[in-house]
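Welcome to this short tour! Open your viewer, get your selection tool ready, and follow along one stop at a time.

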Amino acid sequence: MKPVRVLFVCLGNICRSPLAEGVLRALAEQKGLAFALEVDSAGTGAWHIGDPPDRRSIQAARRHGIDISTLRGRQVAAADFDDFDIILGMDENNVRTLRRLASEGTAQKVHLFLDYASGESRDVPDPYYDGPEAFEALYQMLEAGCSSLLERFGERTS
Ligand code: 4NP
C-alpha cells in the first residue's frame, strides 16, 4: 500500500508546522506506522525559507525526545497540491490561503488540522509572540491532534 502523504502548513513554517511534522513522525514510529506515512511541512509566508525551526519549538520537541533541529523552512509550492494527499492548515487563515492557492480539483485536500484529526473545529493558535510556556501548550495540542490523526489512519491500514 502506498504511504499517505501529509503536509502540515502554518504561516512561517518555524513554530507550529515543523513541530507537528516532528511529532507525527515520532508517534508514527512509536506505533509501527512509519511505513504508512510521509510527512512534511511548509509555510504560506516566505520570511523563513531556509531557516531552522524557532528555538522554542526545537526545545519543546527536545523535552519530549524529538529532534526537529535539522528541518528547514520552505514556502508552500504549487506542486504540493499534487504531491500530497492531505494538506492540513494549523488555523483558518492558513486554510483560506491554501484553498486560494490550490489548483483545480485539489482544494478538497485542504483541511483545518484539528477538525480533520479529531472533529474539533478550532485553530492551533500562532505562538510566535507568546512566551516559552505557550510552546509546551502547543506541543500538547499537537501531540493530541497527531494521536487522533494516527488513529484515523490506523483504521485505514488495519
Ligand atoms: P508559525 O509562527 O506560523 O507557527 O511558524 C510564525 C512564525 C513567524 C512569523 C509568523 C508566525 N512571522 O511573521 O515571521
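In this tour, a residue is called buried if its relative accessible area is under 20%. Keep in mind that the model you are looking at is predicted.

**Stop 1: helix 2**

Select residues 55-63, which make up helix 2. Now colour Arg 56, Ser 57, Ile 58, Ala 60 and Ala 61: these residues of the helix are buried.

Next, show the side chain of Asp 54, which caps the N-terminal end of helix 2. One of the side-chain oxygens of Asp 54 lies 2.8 Å from the backbone nitrogen of Arg 56.

**Stop 2: around the ligand**

Where does the ligand sit? You will find the ligand in the largest pocket.

Select its surroundings: Cys 10, Leu 11, Gly 12, Asn 13, Ile 14, Cys 15 and Arg 16, together with His 48, Asp 126 and Tyr 128. Sorted by class, this shell holds five nonpolar, three polar and two charged residues.

**Stop 3: polar atoms at the ligand**

- Gly 12: a backbone N or O atom is 2.8 Å from an oxygen atom of the ligand.
- Ile 14: a polar backbone atom is 3.0 Å from a ligand oxygen.
- Arg 16: here a side-chain N or O atom lies 2.7 Å from an oxygen atom of the ligand.

On its own, the ligand exposes 350 Å², and the protein buries 92% of that.

Terms used. Residues numbered from 1 in each chain as written. Predicted model: local features only at pLDDT ≥ 70, side-chain atom pairs only at ≥ 80, totals over all residues. Heavy atoms only, no water. Near = heavy atom within 4 Å. Polar contact = N/O pair within 3.5 Å; in protein donor to acceptor, adjacent residues only side chain to side chain. Areas by Shrake-Rupley, 256 points an atom, 1.4 Å probe, with all protein chains shown as cover. 1 Å grid on protein atoms, 1.4 Å probe; cavity = no way out; pocket = protein on both sides within 12 Å on 5 of 7 lines; lining within 4 Å. Sits in = over half its atoms within 2 Å of the grid points. Nonpolar A, V, L, I, M, F, W, Y, C, P; charged D, E, K, R; others polar. Buried < 20%, exposed > 50% of the residue type's maximum accessible area, 1.4 Å probe, protein only. Helix = DSSP H or I, 4+ residues; strand = E, 2+ residues; numbered from the N terminus.
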